[in-house]
Amino acid sequence: MKYALIGCGRISPNHIAAAKANALEFTAICDISREKMNEKALKFGVKTVRQYTDYLEMLEKEKPELVAIATESGIHAAIALDCIESGCNLIIEKPIALSLADADEIIRAAKRKNVKVCVSHQNRFNKSIQKIREAVEKGRFGKMFYGTAHIRWCRDKNYYTQAGWRGTWKQDGGALMNQCIHNIDLLRWMMGDEIDEVTGITDRLNHDYIEAEDFGSALIKFKNGSYGIIEGTTDLYPKNLEETLYLFGEKGTVKAGGQSVNRIEEWRFSDITDEEDDVKAEFAENPPNVYGFGHTPLYADVIEAIQNDREPYVNAEAGRRALELVLAVYKSAAEGRAVKLPMENCSTMDFIGRFDRREGTL
């Protein structure tokens, strides 16, 4: 299967490794920076892959069957629509887009052209998360009461100045959209997906050189009567502390933790069909960074979805739901009220100037 990668930034090594692990025919790589392309090609053993600075030229000449988009978030949608029009199946780095209108257009276009679109919420493939999802699907929790997602990370000034698009409303959003959306996706997925309303707060506490938030919290009311709590920040000193997901039900309590919710740390069920210590020992991965090991199985799933003409495990609709929840938090925080779901129209661009208008800020 002919494969191409668009974008050679921070996350690109994971895509390169996943493509190689799945024996894809890696034909082309694209970035506006030849320096970045050369660096990745040399470092990760893809020196023979053809390089392009114009992805439209790449699509026309190479005609890849599968393309991964790993650029800044604000241009995901435009590139995705061009790729779909060229008949390419897609893996889009999170978030799928920065507006619901763009996400909806991607979904419509993919159906019209009969191509598969996957959004790279790769933590769904963690061994720990798969084990927890199995318990959810088997009803082991009984009635679900509430779940919480905590993302307590550090991003310093050097991180933001490395790429000028980071922390901007036009190209990125803030901590919730960039760093926290993986765990936000997991919380919504585990708690039943369907949301009644969201009440959120956001603030910029420690990064006055970015436009968007570095702290956010929200209370979610799900339609099944359960609740969700989000706490996300890039303000931790001096380094990342944790990413955790808790689920609490009438018959079960679970905690996933570690760098990328890659380790089961609590496993308590009334049915006692598996021993807590055994589960904690078996489902404890130790990835080298917060990106985890999920890209390789995500790629494997997409390849199989294309071959068998089925939906990917994390399809475009799933990516839209994660985007919608973050945007709902933003909207609630900006308007000072609870926001009902589903939402039809919302974008990060709606919040330009949100923190700049406060007294004492730029």
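Before I go on, the housekeeping. This is a predicted model, where local features need pLDDT of at least 70 and side-chain atom pairs count only at pLDDT 80 or more, while totals for chains, interfaces and linings use all residues. Residues are numbered from 1 along each chain as its sequence is written, and side-chain values use heavy atoms, with hydrogens and water left out.

So, back to Leu59. You'll find Leu59 in helix α3, residues 55–62. When I say helix or strand, I mean DSSP runs numbered from the N terminus: H or I of at least four residues for helices, E of at least two for strands. And contact means heavy atoms within 4.5 Å. Leaving aside neighbours within four places in sequence, Leu59 is in contact with Pro64, Val67, Asp82, Cys83, Ser86 and Cys88.

Now zoom out. The chain has twelve helices and 14 strands, and its C-alpha trace spans about 55 × 55 × 40 Å along the principal axes. The radius of gyration is taken over C-alpha atoms, and the globule rule is 2.2 Å times the number of residues to the power 0.38. For 362 residues a compact globule would come out near 21 Å, and the chain has 20 Å, which agrees. Buried residues make up 57% of the 362. Among contacts between residues at least 6 apart in sequence, 68% join residues at least 24 apart.

How many residues of α9 are buried? Ten of the ten, so α9 is largely enclosed by the rest of the structure. Among them are Asp185, Arg188 and Trp189.

For ring pairs, we take Phe, Tyr and Trp (its six-membered ring) with centres within 6.5 Å; planes under 30 degrees apart are stacked, over 60 edge-to-face, and the rest tilted. The whole structure gives 13 aromatic pairs. One of them is Trp189 with Tyr313, edge-to-face, at 5.9 Å centre to centre and 90° between the planes. Trp189 lies in α9 (181–190) and Tyr313 in the loop between α11 (295–308) and α12 (316–335), so this pair ties together parts that are 124 residues apart in sequence. Tyr313 itself is partly exposed, at 32% relative accessibility. Elsewhere, ring pairs link Tyr3, Phe26 and Tyr299 into a cluster.

We say a charge sits over a ring if NZ of Lys or CZ of Arg is within 6 Å of the ring centre and within 35 degrees of the ring normal. The charged end of Arg124 sits over the Trp189 ring, 4.2 Å from its centre. Arg166 does likewise over the ring of Tyr159, at 4.1 Å from the centre.

On to salt bridges: a side-chain nitrogen of Lys or Arg within 4 Å of a carboxyl oxygen of Asp or Glu. The count by that rule is 31. Take Arg152 and Glu242, whose closest N and O atoms are 2.4 Å apart. Arg152 is in strand β7 (144–152) and Glu242 in strand β11 (242–249), so that pair ties together parts 90 residues apart in sequence. Then there's Asp196 with Lys340, at 3.2 Å, N to O. That one links Asp196 in strand β8 (195–203) to Lys340 in strand β14 (339–340), 144 residues apart.

Last stop, Ser99, in the loop between β5 (89–93) and α5 (100–113). Ser99 is buried, with a relative accessible area of 11%. Not counting residues up to four places away in sequence, Ser99 touches Leu323, Cys346 and Ser347.

How values were computed
Buried < 20%, exposed > 50% of the residue type's maximum accessible area, 1.4 Å probe, protein only.
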